[in-house]
There are 2 protein chains.
Amino acid sequence: MRQTNDLFTSEVGAKRNIEALDRVYTANARILPPGAPMIEGRAQIKTFWTQAIAGLDIKGVTLATVQAEVAGDSVVEIGRAELTTNAGQTVVAKYVVHWKQEDGAWKWHTDIWNMNQ
Amino acid sequence: MRQTNDLFTSEVGAKRNIEALDRVYTANARILPPGAPMIEGRAQIKTFWTQAIAGLDIKGVTLATVQAEVAGDSVVEIGRAELTTNAGQTVVAKYVVHWKQEDGAWKWHTDIWNMNQ
């Protein structure tokens, strides 16, 4: 799971390598972003993050697990995220991710977040 | 689970019966509301909802399950909420709830949501 989160922060957040999302989200994952309807499927999720990272001009992302609880063959994680922008802003968010295994790797199957302020 | 959601909509949303939250949330539940840090424990959650329902002047709430997935001895639900205010506004939100059983009843153990707009 740490590898997957590291992929998101190092590849997607810092390098804008959107293709790395193949290794972060399950094929039929769902994201529930603030200010938009739910988005289903990895292709649509890639489009969302491409636009969000460019639109917010994100410089980097950090993720910190607050709690990870085993639930059958899945895991429910509560976490804290910090997004920094190239303009020097920092946004603190919190999230819940429902993790599942796909092709032997732990991935985000359901991902919902919101901002603390 | 439907009974629990009905309790929230009929007792908490419509009648502002905050004590009914004892039957909705587990004792050590966590909520992750937009615009605020995570809140832990049913007592604090009651304080949050007392203030939120009064502050937004909520008239009613509807909850609709989009997907409920069994995860071990728990359930992960994705849902859609509609809040109406006495001023006639409607706010559409989406949520993820991690359900657990407590004292033989299904309750919300982790509850995170955000608005669609």
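This text walks through the contact between two chains and then looks at one residue of chain A. The model is a predicted one.

Start with the place where the chains meet. Here 29 residues of chain B are in contact with 29 residues of chain A. Putting the two chains together buries about 2,200 Å². Carbon and sulfur atoms give 63% of that area.

Next come the polar links. Between chain B and chain A there are 16 residue pairs in polar contact, counting pairs with both residues at pLDDT 80 or more. The count of salt bridges between the chains is two. One of them joins A:K100 to B:E69. Their closest N and O atoms lie 2.3 Å apart.

Which strands of chain B supply at least two residues each to the side that touches chain A? They are strand 1 (25-32), strand 3 (58-71), strand 4 (74-85), strand 5 (90-102) and strand 6 (105-115). Strand 6 of chain B gives the largest share, with six residues. By kind, the residues on this side of chain B are 15 nonpolar, ten polar and four charged.

A:T85 sits in strand 4 of chain A, which covers residues 74-85. Is A:T85 buried or exposed? Its relative accessible area is 10%. Buried means under 20%, so A:T85 counts as buried. What does A:T85 touch, leaving aside neighbours within four places in sequence? A:T85 is in contact with A:L56, A:D57, A:I58 and A:K59.

Terms used: Residues numbered from 1 in each chain as written. Chains lettered and ligands numbered in written order. Predicted model: local features only at pLDDT ≥ 70, side-chain atom pairs only at ≥ 80, totals over all residues. Heavy atoms only, no water. Helix = DSSP H or I, 4+ residues; strand = E, 2+ residues; numbered from the N terminus. Buried < 20%, exposed > 50% of the residue type's maximum accessible area, 1.4 Å probe, protein only. Contact = heavy atoms within 4.5 Å. Buried area = accessible area lost by both parts, 1.4 Å probe. Salt bridge = Lys/Arg side-chain N within 4 Å of Asp/Glu carboxyl O. Polar contact = N/O pair within 3.5 Å; in protein donor to acceptor, adjacent residues only side chain to side chain. Nonpolar A, V, L, I, M, F, W, Y, C, P; charged D, E, K, R; others polar.
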